[in-house]
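Please look over the chain shown here before reading on.

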Amino acid sequence: MKLSKKLFDEIIYTVEISPYESGGFLGGVNDAVTNVVYDSKNSYFASYRPDNDLLNDSIRTWAKNSIEFLGMFHTHYPNCASLSLGDEKFISELMKNICYENDILYFPIVIARKEISVYVAKLINSKCEIKKDELILLG
């Protein structure tokens, strides 16, 4: 996943004021993120569940400008930059419900003021494969 240094900084410092398990949506072109929508409405102690209305509105708005939905991120506690079993289950269900074969979506984990660890999910033979991905910072 590609992300500008400016957006990287914006994300890691914006989530600092949100509770853990807050998140947002990523839009862009190909694998380069150009747009971020923050979603702090559905933050729970142990998991992030997106605001579906906000997600759908974001996707519709972006589509009018040829911006693709690339995935969603959420925050974790410090020193916990990997996906939880609950995260993996949520991602798998989401991929099976909204994606076609070989579609990919990104699911970064954000540690406030520190890092973004990117995971990519791909639907292959109706199964969701999730693996760690490289974050490429641009400019």
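## A loop residue and the basis of the model

Does Asn79 count as buried or exposed? At 67% relative accessibility, Asn79 counts as exposed, where buried means under 20% relative accessible area, exposed over 50% and partly exposed in between, computed with a 1.4 Å probe on protein chains only. Asn79 is found in the loop between E4 and H3, and its phi is near 65 degrees, a positive value in a residue other than glycine. Asn102, in the loop between H3 and strand E5 (104–106), likewise has a positive phi, near 70 degrees, but counts as partly exposed at 49% relative accessibility.

This is a predicted model, in which local features need pLDDT of at least 70 and side-chain atom pairs count only at pLDDT 80 or more, while totals for chains, interfaces and linings use all residues. Residues are numbered from 1 along each chain as its sequence is written, and side-chain values use heavy atoms, with hydrogens and water left out. Helices (H or I, at least four residues) and strands (E, at least two) are DSSP runs, numbered from the N terminus.

## Strand E2 and its partners

Strand E2 is mostly covered, with six of its seven residues buried. It pairs with two strands, where pairing requires that DSSP finds at least two bridges between them: E2 and E3 run antiparallel and are joined by seven bridges, and E2 and E4 pair in the antiparallel sense over six bridges. In the hairpin of E2 and E3, two residues lie between the strands, and Asn30 takes a positive phi near 55 degrees.

## Helix H2

Helix H2 (residues 52–63) has 12 residues and reaches 16 Å from its first C-alpha to its last, close to the 16 Å expected at 1.5 Å a residue; the expected span is 1.5 Å times one less than the number of residues. Leu55, Ser58 and Trp62 are buried in H2. Seen down the axis of H2, the buried residues fall within an arc of 65 degrees, so they line one face of the helix, the arc being that of the directions from the helix axis to the C-beta atoms.

What covers these buried residues includes E2, E3 and E4, with contact meaning heavy atoms within 4.5 Å. The face of H2 turned away from its buried side carries the exposed residues Asp53 and Ala63.

## Strand E7 and its neighbours

Strand E7 (residues 115–124) is mostly covered, with seven of its 10 residues buried. E5 and E7 pair in the antiparallel sense over three bridges, with Tyr106 opposite Val120 in E7; in E8, the bridge partner of Val120 is Lys131. Strand E8 (residues 127–133) runs antiparallel to E7 and is joined to it by seven bridges, and the hairpin of E7 and E8 has two residues between the strands, with Asn125 in the turn at a positive phi of about 50 degrees. Strand E6 (residues 109–111) also pairs with E7 in the antiparallel sense, over three bridges, and Ile109 stands opposite Ser117 in E7. The hairpin of E6 and E7 has three residues between the strands, and Arg113 in the turn has a positive phi of about 60 degrees.

Ile104 lies in strand E5 and is partly exposed, with a relative accessible area of 40%. Leaving aside neighbours within four places in sequence, Ile104 is in contact with Met95, Val120, Ala121 and Lys122. The C-alpha atoms of Ile104 and Leu123, which are 19 residues apart along the chain, are separated by 6.8 Å.

## Aromatic rings

The structure holds two aromatic pairs. Rings of Phe, Tyr and Trp (its six-membered ring) pair if their centres lie within 6.5 Å, with planes under 30 degrees apart counted as stacked, over 60 as edge-to-face and the rest as tilted. Tyr20 and Tyr77 form a tilted pair, 4.1 Å centre to centre with 40 degrees between the planes. This pair links distant parts of the chain, 57 residues apart, with Tyr20 in the loop between helix H1 (5–14) and strand E2 (23–29) and Tyr77 in the loop between strand E4 (68–75) and helix H3 (85–98).

The rings of Tyr38 and Phe73 have their centres 6.0 Å apart and their planes at 80 degrees, so the pair is edge-to-face. It joins Tyr38 in strand E3 (residues 32–39) to Phe73 in strand E4, 35 residues apart. Tyr38 is partly exposed, with a relative accessible area of 28%, whereas Phe73 is buried at 1%.
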